[in-house]
Amino acid sequence: MLKYSKSFSTILFIISALFLINLPADAVSDLEKEIAKKNLVKYQEEYGLAYLEATARNRIYNIFDRLSAEAAKDARDLNFKLYIVDAPVLNAAYLGDGNLVLFKGLVDRLKDDNQLAAVIAHELGHGVNNDIEESINLIQGLQVGGVLFETFTKGNRYEGILDVAGNIGLNLLEKGYSREQERDADEYSVSLSERAGYDSYGAIELMYILKEGGSNDTRLGELFSSHPNLDNRVDYLKDLVKSFKDAKELYYSPIATARALAQGILSDNLEMVYGSYWNKVQGNRSLNQLKNNKNLKQIEERIVIISLDNFGELGYTLELRNQVENTARVAISFYDDNNQQEDLSLAIDLIKDQYGWKLVRDPRIYNLK
Amino acid sequence: MKFRDRSGDDLKYKRVFLIMIILLLMTILVGCEGQGDLKIITYDNQGDLLDDVYVGLYSAKYEQRLDFAYTINGEVNFIGLPSGIYRVKLVSWESSEELEIQIKDGESTYLKLKIE
């Protein structure tokens, strides 16, 4: 009976643990708050807060305020706070529950606002992306596994459970973030810097400064971590910044995106058409798949027919028909240059994201019979 | 050498296994919910179909926008919505309207709305 009861409670424990691990966490968990608090105390006790001249301090906190106000739109449950710690190293860290730490060594080295914005935006990115919670879940999963192992081998389940919470904070500090989390934070940094009015090229300059090095200690923070490799980071940041800047020029308004699409359709430039789609749509559909898209083929056929009928070049007009909550409807009307008669009118639905205004679905034909 | 009679243990293991399967099935079933469709048709004062009306679909307490579309040829369709309560916001150049709808499992909900 005792054996049966033990087996049953063990299985129940496994199911409950797996269920709890998979529960979505919308707000900051108590565990994350506790870990952030402990880490913050640890940094403050070990190094103390840095003394900065009023001008330097105001400059840093002005940048932080601009960025965190923008980042708060993406993470309403977080109240961001910045601490500058008196350690002469080139590093920074996100401690959880909205707390960021910059080290004085890095602050002293970065003279340019855009570089400083890149660091702060990167750490804010870890907060917005909920990276601490993700790491907690991962480490919890691993440690629950360890507890289960102990349960089966030694039977001291309750001691093991207590160890889980105690060890997580230590694990987070030692292991840092995953490669994917670092990349996502870099991407967010570029996007947030641009949104807050800074030049995202600062992120690349920051990498060069980190590469030049100085006094570093990877145990103190994750910015100067060995993964991803700094050279790779510079490469993908260059691509990222370029795509942001290109997007800013091409897709800065609903009308601008509609223009790019109309030109793509008229010049049969499928890459241009594809580029005007939202990245979530692009994620589900490749350029090759777009070539066989039924809706676009129907539009192309109509364009060919009306071009042949009119023996002339087609022109187009763009009209913003509605715009609500970062979405828009634009009408593109193609007409013959010679008789100015409207021949085909398309409705496009757009959404504004970090790359500007993009199509959320295929264009549709008005009054299609 | 004395061998243990394992028939009692086997029965217990079977019971535990059965309980485990029931718990797993319950977890899966609780996670699943039915789906339904929503179709909205918009008209103007003259009874003509109205294009370019923003139709936003939100969670019951407006915490999150779940989807949006603009009417074309007077209609929008949201297919395969998990059953439950939603908020719908309609915005044209002239007016704005909000309403609450319930999507039921396996049913299509049609709404014909005159936008003033």
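Modeller: Lys211(A) is partly exposed, with a relative accessible area of 44%. (Buried means under 20%, exposed over 50%, partly exposed in between, with a 1.4 Å probe and protein chains only.) The model is predicted: local features need pLDDT of at least 70, side-chain atom pairs need 80 or more, and totals for chains, interfaces and linings use all residues. Residues count from 1 along each chain as written, chains are lettered from A and ligands numbered from 1 in written order, and side-chain values use heavy atoms, without hydrogens or water.

Now the partner. Lys211(A) forms a salt bridge with Asp231(A), at 2.6 Å from N to O. (That is a Lys or Arg side-chain nitrogen within 4 Å of an Asp or Glu carboxyl oxygen.) Lys211(A) sits in helix 9 of chain A and Asp231(A) in helix 10 of chain A, so the bridge ties together parts 20 residues apart in sequence. (Helices, H or I with at least four residues, and strands, E with at least two, are DSSP runs numbered from the N terminus.) Asp231(A) is also partly exposed, at 39%.

Helix 9 of chain A has another such link. Glu212(A) meets Arg109(A) in a salt bridge, with the closest N and O atoms 3.9 Å apart. Arg109(A) belongs to helix 4 of chain A and Glu212(A) to helix 9 of chain A, so this pair ties together parts 103 residues apart in sequence. Glu212(A) counts as exposed, with 63% relative accessibility. Arg109(A) is partly exposed, at 34%.

Which residues of helix 9 (residues 202-212) of chain A are buried? They are Gly202(A), Ala203(A), Ile204(A), Leu206(A), Met207(A), Ile209(A) and Leu210(A). Their cover includes helix 4 (104-109), helix 5 (113-128), helix 8 and helix 10 (230-250) of chain A. Just after helix 9 of chain A comes Gly213(A), with a positive phi of about 80 degrees.

Take helix 8 next. Ser193(A) lies in helix 8 (residues 179-195) of chain A. Ser193(A) has a relative accessible area of 2%, so it is buried. Beyond its neighbours within four places in sequence, Ser193(A) is in contact with Leu67(A), Ala117(A), Ala118(A), Ala121(A), Tyr198(A) and Ser200(A). (Contact means heavy atoms within 4.5 Å.)

There is also a sheet in chain A. Its 3 strands form an open sheet in the order 1-3-2, with mixed pairing. (Two strands pair if DSSP finds at least two bridges between them.) Strand 1 (81-85) and strand 2 (92-96) of chain A are the edge strands, each pairing on one side only. From one strand to the next, the twist averages 25 degrees. Strand 1 of chain A pairs with strand 3 (residues 99-103) of chain A in the parallel sense, over 5 bridges. Tyr83(A) has Val101(A), in strand 3 of chain A, as its bridge partner. Helix 2 (residues 30-47) of chain A packs on the sheet and touches strand 1, strand 2 and strand 3 of chain A. The direction of helix 2 of chain A makes about 140 degrees with that of strand 2 of chain A. Helix 3 (residues 54-71) of chain A packs there too, touching strand 1 and strand 3 of chain A. The direction of helix 3 of chain A makes about 150 degrees with that of strand 1 of chain A. (Axes are lines fitted to C-alpha atoms, for helices over the stretch in contact; angles run from 0 to 180 degrees between N-to-C directions.)

Back to salt bridges. Arg364(A) and Asp349(A) form one, at 3.0 Å from N to O. Arg364(A) lies in strand 8 (residues 364-365) of chain A and Asp349(A) in strand 6 (residues 342-353) of chain A, so the pair ties together parts 15 residues apart in sequence. Arg364(A) is partly exposed, at 27%. Asp349(A), at 1%, counts as buried. Salt bridges with shared partners join Glu319(A), Arg321(A), Arg329(A), Asp349(A), Arg361(A), Arg364(A) and Asp52(B) into one network.

That brings in chain B. Asp52(B) lies in the loop between strand 1 (35-43) and strand 2 (54-59) of chain B. Asp52(B) is buried, with a relative accessible area of 9%. Asp52(B) has a positive phi of about 65 degrees, although it is not a glycine. Most residues other than glycine have a negative phi.
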